[in-house]
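The plan is to look up a few things and jot down what turns up.

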Amino acid sequence: INAMTINYQTLKNWQFPEIEHTYTLEDTMRYALAVGVGHDPMDERALRFVTEYELQALPTMAVVLGYPGFWMTDPRTGIDATLILHGEEAVTIHGPLPVAGTVFSRHKMRHIIDKGANKGAVVIYDKELFDKKTGDLFATVNHTAFCRGDGGFSAKDGSSDPAPPPPKPMPAAAPDLICDLPTLPQQALLYRLLADRNPLHALPKAALDAGFQRPILHGLGRYGVVGHA
(Lines give C-alpha, C1' and ligand atoms only; values in the text may rest on other atoms or scores of the structure.)
Protein backbone atom coordinates (compact mmCIF):
# COMPACT_ATOMS: atom_id res chain seq x y z
CA ILE A 1 0.00 0.00 0.00
CA ASN A 2 1.25 3.47 -0.87
CA ALA A 3 2.74 5.14 2.21
CA MET A 4 0.41 8.12 1.68
CA THR A 5 -2.61 5.98 0.78
CA ILE A 6 -5.82 7.26 -0.76
CA ASN A 7 -8.45 8.34 1.74
CA TYR A 8 -11.69 7.40 0.03
CA GLN A 9 -13.89 10.02 1.69
CA THR A 10 -11.40 12.84 1.13
CA LEU A 11 -11.00 12.01 -2.54
CA LYS A 12 -14.70 11.28 -3.17
CA ASN A 13 -15.60 14.73 -1.84
CA TRP A 14 -12.77 16.54 -3.62
CA GLN A 15 -13.71 20.16 -4.38
CA PHE A 16 -12.49 21.38 -7.75
CA PRO A 17 -12.33 25.13 -8.39
CA GLU A 18 -14.32 26.43 -11.34
CA ILE A 19 -11.79 26.99 -14.14
CA GLU A 20 -12.06 29.89 -16.60
CA HIS A 21 -10.10 29.49 -19.82
CA THR A 22 -9.65 32.06 -22.57
CA TYR A 23 -8.16 30.72 -25.80
CA THR A 24 -7.21 32.24 -29.14
CA LEU A 25 -7.24 31.27 -32.80
CA GLU A 26 -3.57 30.36 -32.43
CA ASP A 27 -4.40 28.01 -29.54
CA THR A 28 -6.97 26.24 -31.69
CA MET A 29 -4.42 25.82 -34.50
CA ARG A 30 -1.77 24.68 -32.01
CA TYR A 31 -4.05 21.94 -30.70
CA ALA A 32 -4.63 20.62 -34.22
CA LEU A 33 -0.90 20.67 -34.97
CA ALA A 34 -0.16 18.89 -31.67
CA VAL A 35 -2.43 15.96 -32.62
CA GLY A 36 -0.79 15.64 -36.02
CA VAL A 37 -3.10 17.59 -38.34
CA GLY A 38 -1.13 19.10 -41.20
CA HIS A 39 1.50 16.35 -41.42
CA ASP A 40 0.81 16.29 -45.18
CA PRO A 41 1.35 19.87 -46.43
CA MET A 42 -0.56 19.09 -49.63
CA ASP A 43 -3.72 17.88 -47.87
CA GLU A 44 -6.02 20.88 -48.26
CA ARG A 45 -8.68 19.23 -46.05
CA ALA A 46 -6.42 19.88 -43.05
CA LEU A 47 -6.06 23.61 -43.65
CA ARG A 48 -9.38 24.50 -41.99
CA PHE A 49 -7.94 23.24 -38.68
CA VAL A 50 -4.39 24.65 -38.82
CA THR A 51 -4.73 28.01 -40.61
CA GLU A 52 -6.90 31.09 -40.18
CA TYR A 53 -8.64 30.34 -43.50
CA GLU A 54 -12.17 29.19 -42.56
CA LEU A 55 -10.82 27.91 -39.24
CA GLN A 56 -12.74 25.25 -37.32
CA ALA A 57 -12.01 23.77 -33.90
CA LEU A 58 -11.46 20.04 -33.63
CA PRO A 59 -14.16 18.59 -31.33
CA THR A 60 -11.57 16.72 -29.26
CA MET A 61 -10.06 20.06 -28.19
CA ALA A 62 -12.72 19.95 -25.45
CA VAL A 63 -10.38 17.69 -23.46
CA VAL A 64 -7.75 20.45 -22.97
CA LEU A 65 -10.06 23.41 -22.37
CA GLY A 66 -10.78 24.20 -18.72
CA TYR A 67 -8.00 21.86 -17.59
CA PRO A 68 -7.87 21.64 -13.76
CA GLY A 69 -4.09 21.27 -13.60
CA PHE A 70 -2.10 18.30 -12.35
CA TRP A 71 -4.21 18.21 -9.18
CA MET A 72 -3.32 14.63 -8.28
CA THR A 73 0.09 15.85 -7.09
CA ASP A 74 -1.66 17.43 -4.08
CA PRO A 75 -0.53 15.33 -1.08
CA ARG A 76 -4.07 15.40 0.33
CA THR A 77 -5.20 13.05 -2.47
CA GLY A 78 -2.92 10.28 -1.18
CA ILE A 79 -2.14 9.42 -4.82
CA ASP A 80 1.37 8.50 -5.95
CA ALA A 81 1.48 10.98 -8.83
CA THR A 82 4.64 9.46 -10.34
CA LEU A 83 2.72 6.30 -11.26
CA ILE A 84 -0.44 7.77 -12.83
CA LEU A 85 -1.47 6.75 -16.33
CA HIS A 86 -4.37 8.03 -18.36
CA GLY A 87 -6.83 5.16 -18.62
CA GLU A 88 -9.90 6.19 -20.61
CA GLU A 89 -11.63 9.27 -21.99
CA ALA A 90 -15.16 9.81 -23.26
CA VAL A 91 -16.41 13.08 -24.76
CA THR A 92 -20.03 13.97 -25.40
CA ILE A 93 -20.29 16.97 -27.74
CA HIS A 94 -23.37 19.14 -27.15
CA GLY A 95 -22.44 21.88 -29.62
CA PRO A 96 -19.52 23.00 -31.83
CA LEU A 97 -16.62 24.68 -30.04
CA PRO A 98 -15.91 28.30 -31.03
CA VAL A 99 -12.51 28.82 -32.65
CA ALA A 100 -11.68 31.35 -29.90
CA GLY A 101 -13.39 32.61 -26.78
CA THR A 102 -13.76 32.11 -23.05
CA VAL A 103 -15.14 28.95 -21.49
CA PHE A 104 -15.46 27.70 -17.92
CA SER A 105 -15.39 24.19 -16.58
CA ARG A 106 -16.87 22.38 -13.60
CA HIS A 107 -15.42 19.08 -12.39
CA LYS A 108 -16.98 16.38 -10.21
CA MET A 109 -15.53 13.20 -8.76
CA ARG A 110 -17.49 10.11 -9.81
CA HIS A 111 -15.83 6.82 -8.85
CA ILE A 112 -12.80 5.64 -6.88
CA ILE A 113 -12.15 1.94 -7.37
CA ASP A 114 -9.61 -0.21 -5.53
CA LYS A 115 -8.38 -2.98 -7.83
CA GLY A 116 -6.42 -4.54 -4.96
CA ALA A 117 -2.95 -4.40 -3.45
CA ASN A 118 -0.25 -4.23 -6.15
CA LYS A 119 -2.99 -3.86 -8.80
CA GLY A 120 -3.61 -0.12 -8.63
CA ALA A 121 -6.66 2.07 -8.29
CA VAL A 122 -8.98 3.79 -10.77
CA VAL A 123 -10.17 7.38 -10.33
CA ILE A 124 -13.00 8.66 -12.56
CA TYR A 125 -14.17 12.26 -12.74
CA ASP A 126 -16.25 14.40 -15.08
CA LYS A 127 -15.80 17.83 -16.62
CA GLU A 128 -18.57 20.00 -18.03
CA LEU A 129 -17.45 22.77 -20.39
CA PHE A 130 -19.58 25.90 -20.76
CA ASP A 131 -19.52 29.09 -22.80
CA LYS A 132 -18.86 31.97 -20.40
CA LYS A 133 -20.98 34.46 -22.33
CA THR A 134 -24.11 32.36 -22.91
CA GLY A 135 -23.79 29.57 -20.34
CA ASP A 136 -24.33 26.99 -23.12
CA LEU A 137 -22.90 23.54 -22.42
CA PHE A 138 -20.38 22.61 -25.13
CA ALA A 139 -19.13 19.23 -23.94
CA THR A 140 -19.13 16.67 -21.13
CA VAL A 141 -15.83 14.87 -20.63
CA ASN A 142 -15.47 11.69 -18.58
CA HIS A 143 -11.85 11.08 -17.52
CA THR A 144 -10.41 7.87 -16.08
CA ALA A 145 -6.98 7.80 -14.43
CA PHE A 146 -5.19 4.56 -13.57
CA CYS A 147 -3.19 5.07 -10.38
CA ARG A 148 -0.70 2.21 -10.55
CA GLY A 149 0.78 2.79 -7.10
CA ASP A 150 -2.42 3.10 -5.06
CA GLY A 151 -4.05 -0.31 -4.92
CA GLY A 152 -5.11 -1.65 -1.54
CA PHE A 153 -6.40 1.62 -0.07
CA SER A 154 -9.72 -0.02 0.91
CA ALA A 155 -8.06 -2.55 3.21
CA LYS A 156 -8.61 -0.24 6.17
CA ASP A 157 -12.40 0.16 6.01
CA GLY A 158 -13.59 -1.43 2.75
CA SER A 159 -14.42 1.93 1.10
CA SER A 160 -14.37 1.51 -2.68
CA ASP A 161 -16.80 2.02 -5.54
CA PRO A 162 -17.84 -0.95 -7.71
CA ALA A 163 -15.98 -1.32 -10.97
CA PRO A 164 -17.80 -0.06 -14.08
CA PRO A 165 -18.89 -2.65 -16.65
CA PRO A 166 -16.10 -3.72 -19.02
CA PRO A 167 -16.03 -2.18 -22.51
CA LYS A 168 -17.35 -4.13 -25.44
CA PRO A 169 -14.69 -6.47 -26.85
CA MET A 170 -12.89 -5.48 -30.03
CA PRO A 171 -14.36 -7.13 -33.16
CA ALA A 172 -12.47 -10.21 -34.25
CA ALA A 173 -12.87 -9.39 -37.94
CA ALA A 174 -10.30 -7.52 -40.00
CA PRO A 175 -10.76 -3.73 -40.07
CA ASP A 176 -12.95 -2.22 -42.79
CA LEU A 177 -10.50 0.66 -43.22
CA ILE A 178 -6.96 1.50 -42.12
CA CYS A 179 -5.99 5.13 -41.51
CA ASP A 180 -2.24 5.45 -40.96
CA LEU A 181 -1.31 8.62 -39.05
CA PRO A 182 2.28 8.36 -37.77
CA THR A 183 3.16 10.49 -34.74
CA LEU A 184 6.19 12.77 -34.61
CA PRO A 185 9.13 12.05 -32.26
CA GLN A 186 8.57 15.47 -30.64
CA GLN A 187 4.78 15.22 -30.52
CA ALA A 188 4.64 14.88 -26.71
CA LEU A 189 6.62 18.13 -26.40
CA LEU A 190 4.09 19.84 -28.66
CA TYR A 191 1.08 18.41 -26.86
CA ARG A 192 2.30 19.37 -23.37
CA LEU A 193 2.07 23.05 -24.40
CA LEU A 194 -1.71 22.65 -24.36
CA ALA A 195 -2.31 21.54 -20.79
CA ASP A 196 -0.72 18.47 -19.20
CA ARG A 197 2.83 19.24 -18.02
CA ASN A 198 3.42 15.86 -16.40
CA PRO A 199 7.24 15.40 -16.62
CA LEU A 200 6.64 11.82 -17.78
CA HIS A 201 6.06 13.29 -21.25
CA ALA A 202 9.22 15.41 -21.37
CA LEU A 203 11.99 14.35 -18.99
CA PRO A 204 13.88 11.10 -19.71
CA LYS A 205 14.56 10.53 -15.99
CA ALA A 206 10.88 10.89 -15.08
CA ALA A 207 9.98 8.38 -17.80
CA LEU A 208 12.66 5.92 -16.60
CA ASP A 209 11.49 6.27 -12.99
CA ALA A 210 7.95 5.40 -14.14
CA GLY A 211 9.18 2.29 -15.98
CA PHE A 212 9.36 3.59 -19.55
CA GLN A 213 12.37 3.67 -21.84
CA ARG A 214 11.73 7.26 -22.92
CA PRO A 215 9.15 10.05 -22.52
CA ILE A 216 5.80 8.91 -23.88
CA LEU A 217 3.03 10.69 -25.75
CA HIS A 218 0.03 11.71 -23.66
CA GLY A 219 -2.94 9.38 -23.85
CA LEU A 220 -5.06 12.39 -24.80
CA GLY A 221 -2.55 13.19 -27.52
CA ARG A 222 -3.30 9.81 -29.06
CA TYR A 223 -6.99 10.42 -28.45
CA GLY A 224 -6.69 13.55 -30.58
CA VAL A 225 -4.94 11.54 -33.30
CA VAL A 226 -7.89 9.12 -33.30
CA GLY A 227 -10.27 12.08 -33.53
CA HIS A 228 -8.21 13.34 -36.48
CA ALA A 229 -8.59 9.93 -38.14
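I started with strand 1, residues 19-23, which pairs with strand 3, residues 101-114, in the antiparallel sense over 5 bridges. Looking for a landmark in that pairing, I found Ile19 opposite Ser105 of strand 3. A reminder to myself that this is a predicted model.

Next I followed strand 3 to its pairing with strand 4, residues 121-131. These two also run antiparallel, and I noted 11 bridges joining them. One of the pairs I wrote down is Lys108 with its bridge partner Asp126 in strand 4.

Then I checked the hairpin that strand 3 and strand 4 make, where 6 residues sit between the strands. Gly116 in this hairpin takes a positive phi near 115°.

**Cysteines**

How many disulfides does the structure hold? I got 0. Cys147 is buried, at a relative accessible area of 0%. Cys179 is partly exposed, with 45%.

**Helix 6**

Which residues of helix 6 are buried? For this helix, residues 219-228, I listed Leu220, Gly221, Gly224 and Val225. Looking down the axis of helix 6, I see these buried residues fall within an arc of 155°, so they line one face of the helix.

What do they pack against? My list has helix 2 (25-34), strand 2 (84-93) and helix 4 (187-191).

Note on methods
Residues numbered from 1 in each chain as written. Predicted model: local features only at pLDDT ≥ 70, side-chain atom pairs only at ≥ 80, totals over all residues. Heavy atoms only, no water. Disulfide = S-S within 2.5 Å. Buried < 20%, exposed > 50% of the residue type's maximum accessible area, 1.4 Å probe, protein only. Pairing = 2+ DSSP bridges. Helix = DSSP H or I, 4+ residues; strand = E, 2+ residues; numbered from the N terminus. Arc of directions from axis to C-beta. Contact = heavy atoms within 4.5 Å.
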